[in-house]
Amino acid sequence: MSKIVEKTLSFPPSSSPDVVGYKLYFEEAPTEVTYNSPHIDVSGTSVALHEVPEFANFDSVYNIGVSAVDDAGNESNFSLMSDVPFDLFPPEPPGQLVLT
Amino acid sequence: MKKFFIALCLFLFSVTTASALELRDYALYLETTGTNIVAKWDDTNNSANVEYEVRLYSFERQVFVAIGKTTNDTITFALQKSGHYTAYIRANFIDQSECGNDCYTDWVLSTDLTYATVNGAPRGWWVYGYLAAPGPIIIE
């Protein structure tokens, strides 16, 4: 078992009244985020990144974007953050302990 | 504050007439006042027995959204949901005791090039309201 540093992503909500959720898109930099990028669905306005399986091996610099989604599936423009360093991949443990 | 963006057009809107009503040639205009949309038309009937009924059709949800009825030549409304909408209008007799089967005109569609024009030229139109994006991302 390893311990991953705890990171939380959050954002102020969309001001539109018919928003039912959000989508968090991500791409390894320098690739820009698009609506075809990998994403996870977000029900609230914060995500504990260390608890998201898709981010378990993140160990690079990423571009991320969040869009609002309404009940018909329409999506807003992105709120973007570029060149975010992520390191959610724990190092290898040290070798066997030896008592001398 | 709701941040719907409204695609605005200035257009002429003619209504198919039912013979018993003799309703025709409305000039309908859209404006915005903050978050509201104002639809206006020229009340060429000028009759106390005529009211106008306006509704929208949501492409995404495939439902009609009733905007309202009025005897005036304007109606104000706000989009409650994002998406693409076309507009419909028809004229009705208020007192329908003597109009038989001709109490309403046909619905006229804002994308029907037979009737809709923009800036005087035949052209369909629609209204689009988009979702406001969430605020800036914070990671901590």
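This briefing describes the strands, cores, chain contacts and local backbone features of a predicted model. Chain A contains zero helices and six strands, and 20 residues of chain B are in contact with 29 residues of chain A. The largest nonpolar core has 22 residues, and a second, separate core has nine.

**Chain A: overall make-up**

- Read along the sequence, the elements of chain A follow the pattern β-β-β-β-β-β.
- Of the 100 residues in chain A, 26% are buried.
- Among contacts in chain A between residues at least 6 apart in sequence, 65% link residues at least 24 apart.

**The four-stranded sheet of chain A**

- Four strands of chain A form an open sheet in the order β3-β2-β5-β6, with antiparallel pairing.
- Strands β3 (39-42) and β6 (79-87) of chain A are the edges of this sheet, each pairing on one side only.
- On average, neighbouring strands of the sheet are turned by 25° against each other, direction ignored.
- Strand β2 (residues 19-28) of chain A pairs with β3(A) over four bridges in the antiparallel sense.
- Within chain A, A:Leu24 stands opposite A:Ile40, a residue of β3(A).

**Nonpolar cores**

- In the largest nonpolar core, of 22 residues, A:Tyr22, A:Leu24 and A:Ala68 have the most contacts inside it.
- The elements giving two or more residues to this core are β2 and β5 (59-70) of chain A, and β2(A) gives the most, with five residues.
- A:Ala68 touches residues of both chains: in chain A its contacts include A:Ser14, A:Val19, A:Tyr22 and A:Glu75, and in chain B they include B:Leu131, B:Ala132, B:Ala133 and B:Pro134, not counting residues up to four places away in sequence.
- The second core, separate and of nine residues, includes B:Leu56, B:Tyr85, B:Tyr88 and B:Val127.

- The side of chain B that touches chain A has ten nonpolar, four polar and six charged residues.
- Strand β1 (residues 8-10) of chain A and strand β11 (residues 138-139) of chain B run antiparallel and are joined by two bridges.
- A:Leu9 stands opposite B:Ile139, which belongs to β11(B).

**Strand pairing in chain B**

- Strand β3 (residues 50-58) of chain B pairs with strand β6 (residues 83-93) of chain B over nine bridges, in the antiparallel sense.
- The bridge partner of B:Glu51 in β6(B) is B:Asn92.
- Strand β3(B) is also joined by seven bridges to strand β4 (residues 63-70) of chain B, and these two strands run antiparallel.
- B:Leu56, listed in the second core, stands opposite B:Val65 in β4(B).
- The hairpin of β3(B) and β4(B) has four residues between the strands.

**Local backbone features**

- Most residues other than glycine have a negative phi, and most peptide bonds are trans.
- The peptide bond from A:Ala29 to A:Pro30 is cis, with omega near 15°, and A:Pro30 lies in the loop between β2 and β3 of chain A.
- A:Asp83 has a positive phi near 55° and is placed in strand β6 of chain A.
- A:Asp83 counts as exposed because it has 10 C-beta neighbours inside 10 Å.
- B:Gln62 also has a positive phi, near 55°, and lies in the loop between β3 and β4 of chain B.
- B:Gln62 counts as exposed because it has 8 C-beta neighbours inside 10 Å.

**The surroundings of A:Ser37**

- A:Ser37 lies in the loop between β2 and β3 of chain A, the loop that holds A:Pro30.
- With 17 C-beta neighbours inside 10 Å, A:Ser37 counts as partly exposed.
- A:Ser37 touches A:Tyr25, A:Phe26 and A:Glu27, not counting residues up to four places away in sequence.
- The C-alpha atoms of A:Ser37 and A:Gly65 are separated by 9.6 Å, while the two residues are 28 apart along the chain.

Notes. Residues numbered from 1 in each chain as written. Chains lettered and ligands numbered in written order. Predicted model: local features only at pLDDT ≥ 70, side-chain atom pairs only at ≥ 80, totals over all residues. Contact = placed C-beta atoms within 7 Å. Nonpolar A, V, L, I, M, F, W, Y, C, P; charged D, E, K, R; others polar. Pairing = 2+ DSSP bridges. Buried ≥ 20, exposed ≤ 12 C-beta atoms within 10 Å, placed from the backbone. Axes fitted to C-alpha atoms, helices over the stretch in contact; angles between N-to-C directions. Core = buried A, V, L, I, M, F, W, Y, C linked by C-beta atoms within 7 Å.
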